[in-house]
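Here are a few notes to read alongside the model, colleague to colleague.

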Amino acid sequence: MINTYADLIEEIIIEMKASLPKEEHLLIGHEYFVWLDFLKKIKPNSKLLSLPQGTIKEYTEIGEIMILAETNKYPVWHIQPHFTLPEIVITYEDGELQKVNSKDNINMSEVWDVPRHIPEFSGTVKGVLNDKKTFFAHDLEMIGSFLQKMELLKNAGFTISEYVLFPTDKIASTSSNKLEASLVNFISKSCEAGLKVDGVVMVSDVSLLPGNCTRLIFKPKLENI
C-alpha cells in the first residue's frame, strides 16, 4: 500500500515539474519542493530525488543565494574557490596512491607534492594545480562534515584551498551589495594565489536543494569582478 501511495506521489510531482515556471527565482519556495521533501520521507530511493551525477546548481544573482539561505533557515555554509582549472582526481587504495586522473591527462609524476600514503584510506581526493604546479585539494571522498574533511586533508599533508565560514546568520541584516563585494574579494585573493577562479562554491553539511544537493556555485557578473 505504501509503495502504491508513493507511486501516486511521484506521478503528481512529475506533473508539477512539467508546469514549473521557467524563471529560476520563482522556483525557490515553490510547493513542488514541499512535495519532494514529503517523497523523500516515504520513498528516499526515488529517482526523482536524484540530480544528474556531478550536477551543482549555479547562481549569478546574490539575491537568490540570500533567499535560499532564508528558505533553509540559515544553515552553516563554508566557501571555497570555484576553479576554472581542470579538476584532478587522485585515487588511493588501502592507504596507497594508485592513480591520477584529469581531463588534461596529467600523470602521477606531475603531481609531485601530494602524500603517497594516507593510513587506512581508500577513496579519492579532488583538487587542482596552480601555475606553480602546486596541488590544492578541495574535496575528499568520505562520510563526514566539511570541516572534518578539510582537517583530514591538512593532517595528511595536502595543501588545501582556502575556505571561510559564510555568514548565513548575518544575511538578514546585510545588504546584497556588501555581501557580493565580500565574495568578489574572496575570489580576488584566490586569483592572487595563482589559481584561476571565476566564482565561489558554497558547501553545506545539509541538503540545500532536492537530490541531496549540498553544494552550489555563485559566479558574480563579469562587471562586478
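1. Strands E3 (residues 88–93) and E4 (residues 96–102) pair in the antiparallel sense over six bridges; pairing here asks for at least two DSSP bridges between the strands. Glu93 has Glu96 of E4 as its bridge partner. Two residues lie between the strands of this hairpin, and Asp94 takes a positive phi near 50 degrees.

2. A word on the source: this is a predicted model, with local features needing pLDDT of at least 70 and side-chain atom pairs counting only at pLDDT 80 or more, while totals for chains, interfaces and linings use all residues. Residues are numbered from 1 along each chain as its sequence is written, and side-chain values use heavy atoms, leaving out hydrogens and water.

3. Now to the open sheet: its five strands run in the order E1-E10-E9-E2-E8, with mixed pairing. E1 (57–59) and E8 (164–166) stand at the edges with a single partner strand each, so one side of each has no neighbour in the sheet. From one strand to the next, the twist averages 40 degrees. E2 (residues 77–83) pairs with E8 in the antiparallel sense over three bridges, and Ile79 has Val164 of E8 as its bridge partner.

4. Please look at helix H3 (residues 62–71) too, which lies across E1, E2, E8, E9 (197–204) and E10 (215–218) and runs at about 155 degrees to E10. Angles run from 0 to 180 degrees between N-to-C directions, with axes fitted to C-alpha atoms, for helices over the stretch in contact (heavy atoms within 4.5 Å).

5. Overall, the protein has five helices and 10 strands, taken as DSSP runs (H or I, at least four residues; E, at least two).
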